Every structure is written in C-alpha cells, then in structure tokens.
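Subject: Structure handover

Hi,

Here is the structure I promised to pass on. Please have a look at it first; my notes follow below.

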Amino acid sequence: MRVSVEGEKVILVPYMKEHVPKYHRWMQDPTLLEATGSEPLTLDEEYQMQLSWTQDPQKQTFIVLDKELVVGEFIHGHAHVEAMVGDVNIYMNDLDDSQMAEIEIMIAEPKSRGKGLGKEAVLLMMTFAVENFAIHIFRAKIGEYNEASLSLFQKLGFKEVSHSQIFKEVTLELPITKPKREELQQLFAGRQ
C-alpha cells in the first residue's frame, strides 16, 4: 500500500496520531458535526477512533493536505499537520458486495473550501480504491441540506438512487464502468 497519494492540489496521507488533536478540534464544530452526521468525541475517544481506522481492513481513510500549506518539502511518512484541511474515507462494509465502497469527504478548514480540494481528494480516493480494492461501485450518503457535497458528487457523475425522509439523507451512486476506470487512471497517470 502506498504511504501517500499525490495530486495537483492535495496530498492524501494516512490518518496518524499526530493528526488527532487538530481533527478533534474540527469535530467540536456543530456545523461540521451536522454535515458529517457525527457525534462529538472526547480526545481519548478520538485517539481510539484513529487507531481503529488504521486496523480495520474494511476502511481506508486519508487526511487531506493542501499542497500550498505544506511547510518546506513534503516528506512521505510525516504528518504535515500544518497543511491538514480535511479527510476522505471509504467504507467497504456492504455484506452483499465487498467491492462496493461508501465514500465521504470533509474539507473542515473554511478557508480551504471552494478551491477544488474536495473534488481532487474524492477523485484520488476513488482511483486508489479502484486500483487497490477493485471497487466497482461507489456510494455517497449525504444530508439533504448539504448542498455543497450533493453538488460535488453530482458533478462527478454520481446519480441519486434514494432519498430518506426519515434520515433526511440522499444516497448517490457511481458505477465504475470500464470508461470511468480509464478516465480515473488518466486523470492521475504518473502522479502516484
């Protein structure tokens, strides 16, 4: 497995213990908690969560680094906390289809939103997941009021497959056809 995945604007790095304090601060924001459907955790619980993410073969998470914020030269294996702007995750927990992945993106730093970082992070994660886990369909579950995320995933070709009034959530899916796989490979050819 690669240590990091590099794009034009972002670098995806594994979620390390050094990231936890900043991540924990982000997750105290009620707006982010609502947008991500998360509950607030204590700092100790956040450290336990980070550890569980690194040990669960059904999950893959990367911290999103903004390349413009990396101080000095990027060094693989270093946390580069100063450049953290969000995270991108996949869950491969569909019992009927182990090659279906639920995908999530969060750009937590307000100053980093609207710059295309989330789009590139999602595309990099999808490319990584297709190459490393043979994922053939991606699913995104997004709060019906999270217009930025809904718009992002729709622009990437995801289509609505259901809308839960109870959970106030829209489910979108994107099958990875041969042309889509080739498109993803071409987008990041030579960058990883």
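Let me start with a charged pair: the side chains of D94 and R139 meet in a salt bridge, 3.7 Å from N to O. By salt bridge I mean a side-chain nitrogen of Lys or Arg within 4 Å of a carboxyl oxygen of Asp or Glu. This pair links distant parts of the chain, with D94 in the loop between β4 and β5 and R139 in strand β6, 45 residues apart.

Before going on, a word on the source: this is a predicted model, in which local features need pLDDT of at least 70 and side-chain atom pairs count only at pLDDT 80 or more, while totals for chains, interfaces and linings use all residues. Residues are numbered from 1 along each chain as its sequence is written, and side-chain values use heavy atoms, leaving out hydrogens and water. Helices (H or I, at least four residues) and strands (E, at least two) are DSSP runs, numbered from the N terminus.

R139 also forms a salt bridge with E173, where the closest N and O atoms are 2.7 Å apart. E173 lies in strand β8 and R139 in strand β6, so this pair ties together parts that are 34 residues apart in sequence. E173 counts as buried, at 17% relative accessibility, whereas D94 is partly exposed at 22%. (Buried means under 20% relative accessible area, exposed over 50%, and partly exposed in between, with a 1.4 Å probe and protein chains only.) Nine salt bridges turn up in a search of the whole structure.

Now to the nonpolar side. A nonpolar core here is a set of buried Ala, Val, Leu, Ile, Met, Phe, Trp, Tyr and Cys residues joined through side-chain atoms within 4.5 Å. The largest one has 38 residues, of which I103, F138, F153 and F158 touch the most other members. Helix α4 gives the most to this core, with 10 residues. Apart from it lies another core of 19 residues, including V13 and Y15.

Finally, which residues of helix α5 are buried? In this helix, residues 147–155, they are S149, L150, L152 and F153. They sit on the same side of α5 because they cover an arc of only 165° around the axis, taken from the directions from the helix axis to the C-beta atoms. On the other side, E147, A148 and K155 are exposed. The buried residues of α5 pack against β5, α4, β6 and β8, where contact means heavy atoms within 4.5 Å. After α5 comes G157, with a positive phi near 105°.

Best wishes
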